[in-house]
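Subject: Structure for you to look at

Hello,

Here is the structure to take over from me. Please open it alongside this note.

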Amino acid sequence: MKLWHTLSLSLSLSLFVATAHAAAPTDASIRELLQATQSKELLQSVQSQIDNMTAGIMRDAASSTKIDEEKQKALDKFREKMIAIQKEELSWEKMEPMLISIYASSLTQEDVDGITAFYKSPAGKAYVQKIPAIMQQTMMQMQAKLKPMAEKVKQAQKELNEEFANIDKKKKSLK
């Protein structure tokens with residue numbers, strides 16, 4: 001039993017020492033990783049997608065209501081404000097420090113160096129270039145899957161409502 005305790009303690013201490021010696025990544029190395037992954041460009045792409053989604057939502061909302069010229073100007077002004085807010089709040093200047101903090105608390109210097117080396121390799125560069133198309137295809141296929149799923153959920157909700165109605169009916173008849 002004492003041997004087991006000693007082995008367990010030794011193993012715990014060695015894991016602690018190994019973890020304690022894992023160097024925290026530097027801000028400069030994380031910036032290099034963010035540059036290798038083209039994170040700033042990705043953020044700009046996301047901002048553009050948000051802008052397009054906002055425009056689509058506003059267009060859909062406007063199509064269900066009669067919008068005269070004056071209201072359209074107000075709507076356009078509102079959209080411009082929304083874009084300005086989004087660009088300010090999701091600016092690289094605000095996002096980079098947040099990302100550096102997240103990466104620093106999650107990765108070691110060894111992790112950052114290895115990941116950066118991958119993204120600077122031909123395979124990593126190809127991945128960075130192709131990931132937007134991969135994500136777009138994924139989103140399109142997910143939407144195709146979500147539509148039938150939504151119908152099934154709607155049907156299940158209808159069945160639940162019917163079951164609730166039957167339960168209420170039974171309770172009333174027992175009273």
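Below are a helix pair and a pocket.

The model is predicted: local features need pLDDT of at least 70, side-chain atom pairs count only at pLDDT 80 or more, and totals for chains, interfaces and linings use all residues. Numbering starts from 1 along each chain as its sequence is written, and side-chain values use heavy atoms, with hydrogens and water left out.

Helix pair

Helices here are DSSP runs (H or I, at least four residues), numbered from the N terminus. The axes of α2 (residues 27-36) and α6 (residues 109-120) come within 9 Å and cross at roughly 25 degrees. Axes are lines fitted to C-alpha atoms over the stretch in contact, with angles from 0 to 180 degrees between N-to-C directions. So α2 is roughly parallel to α6 (angles under 35 degrees). On the α2 side, the contact (heavy atoms within 4.5 Å) uses Ser29, Ile30, Glu32, Leu33 and Ala36. From α6 come Gln109, Val112, Ile115, Thr116, Tyr119 and Lys120.

Pocket

The largest pocket has a volume of about 660 Å³. A pocket is an open set of points on a 1 Å grid over the protein atoms alone, where a 1.4 Å probe fits, with protein on both sides within 12 Å along at least five of seven lines. Volume is the space filled by probe spheres set on the points. The lining (an atom within 4 Å of a point) has 21 residues. Leu42, Gln49, Ile131, Pro132 and Met135 lie nearest the centre. α3 (39-63) and α7 (122-174) each supply at least two lining residues. α7 gives the most, with 9.

Best wishes

Definitions and conventions. Parallel < 35°, antiparallel > 145°, perpendicular 65-115°, else oblique.
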